[in-house]
Amino acid sequence: MQETVAPKALDDIRVLDISTSVGGAWCSRFLADLGADVIAIEPRAGYPVRALAPLAEDGTSIPAMYTLANKRSLSLDVDSTRGRKLFVDLMRRSDVVVESTTPGTLEAWGIDYPRLESRRKGIILASITPHGQSGELAAAPGNDLTAFARSGWASINGLGGREPLNGSAFQASYNAGVAGAAGVLAALHHRMAHPGEGQHVDIAEVEVMASAFAPALLGSQYSGEVRPRKPRIDMTSGPVPVKDGHFALTISRAHFWRDAMNLLGLEDLAEDKRYETSWYRQQHRDEFVNRVQDKMAGWTKMDLFEELAIRRVVAGPVLTMQELSENEHLRERGFWTKPANAPDGATYPGAAFKLGKTPWSLDRRMPRPGEHTLEVLREIAGITEDHLLGLLESGVIGPEEHE
Amino acid sequence: MSGPLEGVRGIVLTQAWAGTYCTSLLAMAGADIVQVEVRKRLDSWRGSYDGPIPAALTSIPTAKHAWNCNALYNSVNLGKRTVTLDLAIPEGMAVFKRLLEHADIVAENFSPRVLGNLGIAYEQMCEIKPDVILASLSAYGHSGPWENVPGIGGTIEPTSGMSALLGYRDGPPLNSGQMYPDAVAGLNGFAAILAALHYRDRTGQGQYVDLSMQEANLAFVGDAALEYQVTGQQRARLGNRHLTFAPHGIFATLPVEDGHEQWVALAAESEAQWAALCEVAGHLEWRDDARWATNAARKANEDDLEAAIAAWAATEHRDDLAARLSAAGVIAAPVLDSHEVAADRQLRERGFIVEVDHPEAGRWPQTGFPVHLGRTPGGVRRPAPLQGQHNLEVLQELLGMSEDEYEALVRLGVSGVGPPD
């Protein structure tokens, strides 16, 4: 559709991703989407992300389809001596390495930051781990669930009287991935001004989630009270039932209250000035929530949303993925898209943001394990065909054969 | 501690959470962020001029002005300077346009119509500062049928597909405990601006960043979106379970003396972790139980598995249990409450939770910069600013304005401090 190819923000940088986690994969996917040449260096036995459910009918991991798109794949064991030598050859022709090993592992392998830097001045290393490179928990295992537990988020998600609640799927991983990408970009900016000065970017998944927890954390300091989970579900705390699903009517400004109550036919509530302030509504919620929710229950979610939008009242229908895939707004914005090299394949969710001059693009579907092994080693490391064949035959490169 | 963005300046119109978090991250990375605020219409996260002083601050003599003592504002504006300027007054706009000449970055999270109405849409900004990077963080983006539909975190959570996925397995869709989509949007906006900065470093060209909170958050549940596209199925709410691994949950442990609830999160993502968990539990027979012999079996018999773990965890002390599991290589953590996170040893040891002195609110622990950079660390260099704290300082430094000129702006109601006259 585009007549000329738009420039890309990051097409001057090459990234080697030796991470094996969703957080690492999302970091390099972020950079790949903006034009970086990202080479996923997969263990020969397979990338652990490729085992994550849910699976498509043919057994393909959907989280892997999502997080590995836009990358090339090279099969190589970085924890073997010969594999590592090839990795270092590639690293010397790269700008960024992304990794997710337990702190101490790279050192044991002889490819920690000081040693990488001694072979490639200016290299940027992004480490994305559950608890970071230092501190008493550095080596403790963790995942998205423990990041929610340790950051405070689980303690406020869900309902009082029930168990604390994790976020859905890979929230800590995605947050850490974007923070890692930001760290890499900030380091690139510094390197542009100070040639040869790379650095180690250390991202702890728990800290990125705790950073997102900041308002509750400081709020509970100022109030002197621990922030609890919401005591119950009503219109003041989240989505409530409507005719065909659930709907959040989040009242903040005075006119939201007036206009929403008038729309719902609750003129006496609309005209009662006391309800226009949020602290009063919180204290007197029992006086109105049932009446308002009874009225809301007579509406379909999209009718209510459209009528409130006309009145410029903030509100939100709970949308399913089917509804979002059919959503006219997202379609007009071109959100849903297919990888350029797989036009008959699955439709992907698109960009988190639009860059005017250097658009996000989805050029490649998820690579098959090791799909670009020879291409990458030939093109970037300049390895001859004979040598490549030898490496393949001796099991240094290429995916392991499965029966 | 100099940050990687030393020498980069943002003149920003951000407010509430998504925008202010985005630009506070820029400040912690070393950029000089000057936030422009309007006295007539307080940032909603400053609260209101007649709002209450928070309970724990009432004994602090400097805590005089509610709008400078709001935890919401003070938590997401670390590292910035502020000036008050009323852009609806021509003299105020004139000053803003002069500041713009000194901006590498502008960010805002108004409704999409606002910048255009003020006459400072991207193209108009480019006439003043041709290589400016302008980032707009809005509810639904700057195009499409919902462009002007208002939204906040609490309504983007449902419209991005997130609420439908968050909740207990037997319960309705939920919103998070505080408006999580703002944080997702702010972080993505931060990274987007840095990508635009990289392109500007290479080419000298700025650009426009259009971030839709709905899209940024939908991308964060993109695996569930792709699942629907591939399988036609809406993913069910999972509670604390994982689609692949079992066990994976949060379990009650012994309460502390005052009856305060205590919870531990634990998971096994490999057979080795499962074996270690059984050992820590002192239930070696679990390993030999056919129902739980493999991860697939544990997934298939997860109700029984969770019941057994719950019965055992209820006899344990939270921190001791989490520490023993971690030491054995099992994924585990105490569920920390908001006070415990602020006191957490790991986060403090790494310099991520820091004590910040605020000129009115006093000294409190706050979360700092979640990006640790070995050579150019950045970090918290200033507390959140008081309203208008840097009016004269910034206007003098960037525009060479005299005190008399500034006083004239105050008399016009363009700048100044506190409730409008």
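Colleague: Which hand does the crossing of H6(A) and H9(A) have?

Modeller: The crossing of H6(A) and H9(A) is right-handed. A crossing gets that name if the near helix is turned clockwise from the far one by less than a right angle, and left-handed if anticlockwise. Before we go on: this is a predicted model, where local features need pLDDT of at least 70 and side-chain atom pairs count only at pLDDT 80 or more, while totals for chains, interfaces and linings use all residues. Residues are numbered from 1 along each chain as its sequence is written, chains are lettered from A in the order in which they are written, and side-chain values use heavy atoms, with hydrogens and water left out.

Colleague: Why are H6(A) and H9(A) called oblique to each other?

Modeller: Helix H6 (residues 144-151) and helix H9 (residues 205-212) of chain A pack at an angle of about 50°, their axes 8 Å apart. Angles under 35 degrees count as roughly parallel, over 145 as roughly antiparallel, 65 to 115 as roughly perpendicular and the rest as oblique. H6(A) and H9(A) are therefore oblique.

Colleague: What makes the contact between them?

Modeller: H6(A) brings A:Ala147, A:Phe148, A:Arg150 and A:Ser151, and H9(A) brings A:Glu205, A:Val206, A:Met209 and A:Ala210; contact means heavy atoms within 4.5 Å. By class, that is 5 nonpolar, 1 polar and 2 charged residues.

Colleague: And in chain B, why are H1(B) and H8(B) oblique?

Modeller: Helix H1 (residues 18-28) and helix H8 (residues 180-203) of chain B pack at about 45°, with axes 7 Å apart, and are therefore oblique to each other. H1(B) passes H8(B) in a right-handed crossing. Among the contact residues are B:Tyr21 and B:Leu25 of H1(B), and B:Phe190 and B:Ile193 of H8(B). The classes here are 11 nonpolar, 2 polar and 1 charged.

Colleague: Why is helix H9 of chain B described as largely enclosed?

Modeller: Because 8 of the 8 residues of H9(B) (residues 213-220) are buried. Buried means under 20% relative accessible area, with exposed over 50% and partly exposed in between (1.4 Å probe, protein chains only). Among the buried residues are B:Gln214, B:Glu215 and B:Asn217.

Colleague: How do you know where the domains of chain B lie?

Modeller: The domain assignment gives domain 1 (9-221 + 345-411) and domain 2 (248-343); such bounds come from an automatic or database assignment. Their C-alpha centres lie 40 Å apart, and 6 residues of domain 1 of chain B are in contact with 4 residues of domain 2.

Note on methods: Axes are lines fitted to C-alpha atoms, for helices over the stretch in contact, and angles run from 0 to 180 degrees between N-to-C directions. Helices (H or I, at least four residues) and strands (E, at least two) are DSSP runs, numbered from the N terminus. Ala, Val, Leu, Ile, Met, Phe, Trp, Tyr, Cys and Pro count as nonpolar, Asp, Glu, Lys and Arg as charged, and the others, Gly among them, as polar.
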